[in-house]
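These notes are meant for someone opening the model for the first time. They go point by point and can be read alongside the display.

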Amino acid sequence: MDQRIIVAGASLGGLRAAEQLRAAGWVGEIIVIGEENHPPYNRPPLSKEVLAAPGTPQEVLAKLAFRARRSATGIQWRLGTRITASNLADRTITLEDGEEIGFDGLVIATGLRPAQVVVPGPVDGRHVLRTIDDAMALHAVLVPGAQVGVIGSGFIGCESAATAASLGCTVTLVEGRTGPMERPLGSALSSGVREMFSRRGVDCRTAVSVVAYRGDGSCTGIELSDGSLVAAEVIIEAVGSHANVEWLQGNGLDLSDGVECDRNLRVLAADGQPMSRVVAVGDIARYPDVRNGLPARRVEHWATPTDTAKIAAPALVAGIAGRQPAEAPAPLPSFWTDIFGTRINGVGSPAHAEETRILEGDPGQPQEGVAVGYYRGNTLIGVVNAGLPASRHLHYRQLVLDAGALVTN
Amino acid sequence: MAQITVDRKLCDNHGQCAIAAPKVFSMNDEGILEFEETFDDALLDEVEEAIDVCPVQAIFVKD
């Protein structure tokens with residue numbers, strides 16, 4: 001009988017894993033199992049153009065569905081199917097209808113789900129944004145004049161706040177502990193982004209949190225920790241995420257923050273040693289930051305599934321064959337966002353900087369073109385630029401690559 | 001030789017293709033994509049990678 005690899009998760013990570021398994025020479029079965037009913041699709045537009053003007057569900061899917069590589073043949077897709085349990089020692093997974101499926105190799109790519117705000121108050125009117133269905137539901141209520149409260153000012157919070165403002169909604173952005181995208185951008189650029197929001201009429205509330213939602217049956221307002229009350233009948237909660245790891249419980253893994261891996265994306269067993277037949281791909285994978293010599297972390301950027309699949313798939317194929325994996329490259333993280341038409345591009349690990357230096361432009365005016373360098377010691381570990389042509393982004397990316405002294409272990 | 005097409009209505013000039021396959025794709029000083037319309041089969045891996053990393057899935061290959 002054919003050997004079988006199960007890919008758990010059918011979003012971008014699951015697709016890329018399946019493609020890279022074929023590219024790595026895997027000729028056995030590949031079964032990709034995903035909870036959503038949709039085939040793999042592109043999520044970044046969900047907070048931007050799709051949220052602004054989705055069209056019909058069919059049109060959205062036609063626009064967002066990924067094309068698989070032509071070389072990725074013979075892949076079985078089981079969509080709308082939830083995995084509820086696993087036994088890594090016996091090499092089985094269990095589906096919610098009780099069916100048990102054995103595997104020779106397993107790719108963990110079940111990703112994240114949005115966290116929600118845990119406070120008293122009504123539930124109606126509260127939204128999160130992760131799936132096509134979420135975006136369609138939210139679009140329907142972002143009508144001109146709607147009072148919208150966005151909770152959280154990371155990428156999704158900022159992008160959806162900008163989109164809602166562009167649609168003519170009255171938007172309050174409850175920033176939370178840090179300013180707009182402050183962790184990836186640093187404080188100077190974050191302040192510049194806040195200015196962009198303010199100029200477009202978004203009411204930014206800094207350093208406050210939500211105490212309760214108000215309303216009888218459905219939300220009419222948000223009570224904040226400074227005692228103020230914000231009128232809002234549409235709430236967008238963008239307060240981070242939880243890793244979908246519940247189905248991996250009982251195997252002795254460290255599941256405290258995603259799935260802990262080595263630099264080849266092999267999942268670490270209870271004894272801390274990498275397993276040869278289980279790897280993780282995408283934003284669920286917590287893997288060492290070899291580039292900066294920093295501890296393992298999850299990377300929640302769009303490029304991560306593609307980057308990690310290229311490492312994890314050959315490592316899994318080698319492991320099943322009883323071989324050691326080749327030395328893994330250290331992916332250079334990158335991200336982008338679009339706020340009111342201004343492209344912001346980041347590369348490297350700006351969140352881990354000890355110092356920032358302005359490379360060009362004025363961080364207070366991101367839309368006019370600016371680049372900020374992020375340093376540990378004297379080493380450039382990241383650059384974020386805004387409002388510049390992509391050629392400048394490529395230039396700064398090269399500077400980060402050239403500066404990068406890889407820490408080898 | 002294989003042929004590349006880019007859907008310019010989709011292309012948003014992110015520049016990721018120029019990182020993945022710099023022999024085929026580049027960004028000019030205005031930040032606009034330029035590319036070779038045909039490429040040698042030896043570059044297929046790089047071009048497939050460029051297709052993968054395009055955030056708007058605007059790159060297509062024909063034999």
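1. Which residue forms a salt bridge with A:Arg194? The partner is A:Glu175, and the closest N and O atoms of the pair are 2.8 Å apart. A salt bridge here is a side-chain nitrogen of Lys or Arg within 4 Å of a carboxyl oxygen of Asp or Glu. The pair links distant parts of the chain, with A:Arg194 in helix 7 (residues 187–199) of chain A and A:Glu175 in strand 11 of chain A, 19 residues apart. Both A:Arg194 and A:Glu175 are buried; buried means under 20% relative accessible area, exposed over 50%, and partly exposed in between (1.4 Å probe, protein chains only).

2. A word on the basis of these notes. This is a predicted model, in which local features need pLDDT of at least 70 and side-chain atom pairs count only at pLDDT 80 or more, while totals for chains, interfaces and linings use all residues. Residues are numbered from 1 along each chain as its sequence is written, chains are lettered from A and ligands numbered from 1 in the order in which they are written, and side-chain values use heavy atoms, with hydrogens and water left out.

3. The contact between the two chains comes next. 25 residues of chain B are in contact with 22 residues of chain A, contact meaning heavy atoms within 4.5 Å. Between them the chains bury about 1,900 Å², with 45% of it on carbon and sulfur atoms; buried area is the accessible area (1.4 Å probe) that two parts lose on being put together, summed over both. Of the area that chain B buries against chain A, 31% comes from B:His14, B:Asp52 and B:Gln57, more than from any other three residues.

4. Polar links across this interface can be counted in two ways. The rule finds five salt bridges between chain B and chain A. Eleven residue pairs, both at pLDDT 80 or more, are in polar contact. A polar contact is a pair of N or O atoms within 3.5 Å; within protein, one must be able to donate a hydrogen and the other to accept it, and residues adjacent in sequence count only if both atoms are side-chain atoms.

5. Which elements of chain B give two or more residues to the side that touches chain A? They are helix 1 (16–20), helix 2 (44–53) and strand 5 (59–62) of chain B. Helices (H or I, at least four residues) and strands (E, at least two) are DSSP runs, numbered from the N terminus. Helix 2 of chain B gives the most, with five residues. By class, this side of chain B has eleven nonpolar, seven polar and seven charged residues. Ala, Val, Leu, Ile, Met, Phe, Trp, Tyr, Cys and Pro count as nonpolar, Asp, Glu, Lys and Arg as charged, and the others, Gly among them, as polar.

6. Some salt bridges can be located individually. B:Glu49 and A:Lys310 form one, with their closest N and O atoms 2.9 Å apart. A network of salt bridges links A:Arg16, A:Glu19, A:Arg69, B:Glu48 and B:Asp52. Over all chains the count comes to 28 salt bridges.

7. Strand 10 (residues 147–151) of chain A has four of its five residues buried, so it is largely enclosed by the rest of the structure. It pairs in the parallel sense with strand 11 (residues 170–176) of chain A over five bridges; two strands pair if DSSP finds at least two bridges between them. A:Ile151 stands opposite A:Val174 in strand 11 of chain A.

8. An open sheet of three strands in chain A has the order 18-21-22, with mixed pairing. Its edge strands, each pairing on one side only, are strand 18 (259–260) and strand 22 (294–298) of chain A. Strand 18 and strand 21 (residues 285–289) of chain A run parallel and are joined by two bridges. A:Val259 has A:Ala285 as its bridge partner in strand 21 of chain A.

9. The side chains of A:Asp289 and A:Arg297 meet in a salt bridge (3.9 Å, N to O). A:Asp289 is buried at a relative accessible area of 4%, and A:Arg297 counts as buried at 16%.

10. Two residues deserve a look at their backbone. Most residues other than glycine have a negative phi. A:Met181 has a positive phi of about 50° and lies in the loop between strand 11 and helix 6 (182–185) of chain A. B:Gln57 has a positive phi of about 55° and lies in the loop between helix 2 and strand 5 of chain B. A:Met181 is buried, with a relative accessible area of 2%; B:Gln57 is buried, with 9%.
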